[in-house]
Amino acid sequence: MKAVILAGGMGTRLRPLTYSMPKPLVPLVDRPMVMHIIDSLPKEVDMVILAVSYMKDRLEEYFDENDCGRKVVLVNEDTPLGTGGALKNVSSHIDGAFFAFNGDVLTSLDLANMLAKHRSRKGIGTISLWDVDDPSAFGVVGTTADDRIDVFQEKPKRGDAVSNSINAGVYIFEPEIFEHIDDGVVSLEREVFPRILGKGLYGHRFEGYWVDCGTRESYLRAQSTLLSNGLAAIHECTFKGSVKMPGNNYLEGARFEGCTVGPNAVVGKGAAVMEGAEVSDSTVMEGAIVGEGAIVKGSIVGPGVRIEKGQIVGSTIIA
Ligand code: GTP
């Protein structure tokens, strides 16, 4: 079975970090974002197809250098074709039911269970659904009592939404879907889904967690979700003086001197947090330095960035 990961977007909401790396390669706790998806795939998935465009060379390089245990094929779009166009562009590699993922969602979804449900219903597709309190910023999905999808609403006004269920960005499709995607730039959510409603499109609700990592806030939420779900750890760090580490953190190959790190802090290889500095609800990527007495809170500090002595960094992305 094949899995397609949509990985060609420009990740504008994570700029300036995504000026120097494509969003799928942005580190999330212990590995790049896209690897969290690949590692969650059921055993029967033997080929991963990445639909790429923006910074495709960086992705090519990563998969040349790192073995992820499955065959990985990158399919390029010279100009981004949108989520539907990107799927159609990989159709020559597809020979049966396949998974498709937005490349920036992190979920506890049991994919084998979703596949079993998809097979039992014999529809053209199954869309994972996640219930939220306020669906107005998302693609909202209405279903009948037997989970057949009968309505799509893109970012409805608060109060107008037909349900609290949103499209969680993980799909299973039959190859027949390609017959309903025109050539060129096409949106899966806006153009294709409304068109195939009558063909047996089902929703699949799940429990646990769902976070899309496309903005600073949601990226940091994803990070704290992973830290509280078993990824908190300390590997090969050096500590000098009294270092306080409240809450869940992931610290790898970094140096800490008389500082406070945590809660919800990730500090990467070769990074350093100096005397009197505080890092919380933030990520400090490889080789970055947080200077003496500096405070980093609710922020993403990119690779090699230097936060000066006494500098205060709050709710921002620095790269
Ligand atoms: P923003 O610019 O911040 O909105 O991020 P984005 O470019 O990633 O867009 P968005 O979050 O809406 O995309 C959802 C998923 O679809 C991401 O995994 C993107 O990489 C992917 N995606 C979006 N547009 C395209 C496209 O034209 N081609 C391909 N291959 N993937 C796309």
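Me: Which residue stands opposite Ile172 in strand 11?
Reply: Thr126 does. Keep in mind that this is a predicted model.

Me: How many bridges join strand 8 to strand 11, and which way do they run?
Reply: There are 6 bridges between strand 8 (residues 125–131) and strand 11, and the two run antiparallel.

Me: And strand 6, what sense does its pairing with strand 11 have?
Reply: Antiparallel, over 4 bridges. Strand 6 covers residues 98–102. Within this pair, Phe101 stands opposite Val170 of strand 11.

Me: OK, cores. Which residues touch the most other members of the largest nonpolar core?
Reply: Ile5, Val34, Ile38, Phe63, Phe99 and Phe101. That core has 33 residues. Elements giving two or more residues to it include strand 1 (2–6), helix 2 (33–40), strand 6 and strand 11.

Me: What does Phe63 touch?
Reply: Leaving aside residues up to four places away in sequence, Phe63 touches Val34, Met35, Ile38, Leu50, Cys68, Val72 and Leu74. There is also a second, separate core of 29 residues, with Val90, Ile127, Ile149 and Ile181 among them.

Me: How does the lining of the largest pocket split by class?
Reply: It has 15 nonpolar, 14 polar and 11 charged residues.

Me: And the second largest pocket, what volume?
Reply: About 520 Å³. Of its 23 lining residues, Leu25, Pro27, Arg31, Pro32 and Glu286 are the closest to its centre. By class, the lining of the second largest pocket has 14 nonpolar, 3 polar and 6 charged residues.

Me: Last topic. What order do the strands of the open sheet of 4 have?
Reply: The order is 18-21-24-27, with parallel pairing. Strand 18 (260–261) and strand 27 (312–314) are the edges, each pairing on one side only.

Me: Which residue stands opposite Gly314 in strand 27?
Reply: Lys297. Strand 24, residues 295–297, pairs with strand 27 in the parallel sense over 3 bridges.

Notes. Residues numbered from 1 in each chain as written. Predicted model: local features only at pLDDT ≥ 70, side-chain atom pairs only at ≥ 80, totals over all residues. Heavy atoms only, no water. Pairing = 2+ DSSP bridges. Core = buried A, V, L, I, M, F, W, Y, C linked by side-chain atoms within 4.5 Å. Buried < 20%, exposed > 50% of the residue type's maximum accessible area, 1.4 Å probe, protein only. Contact = heavy atoms within 4.5 Å. Nonpolar A, V, L, I, M, F, W, Y, C, P; charged D, E, K, R; others polar. 1 Å grid on protein atoms, 1.4 Å probe; cavity = no way out; pocket = protein on both sides within 12 Å on 5 of 7 lines; lining within 4 Å. Points joined across faces, edges and corners; volume = space filled by probe spheres on them.
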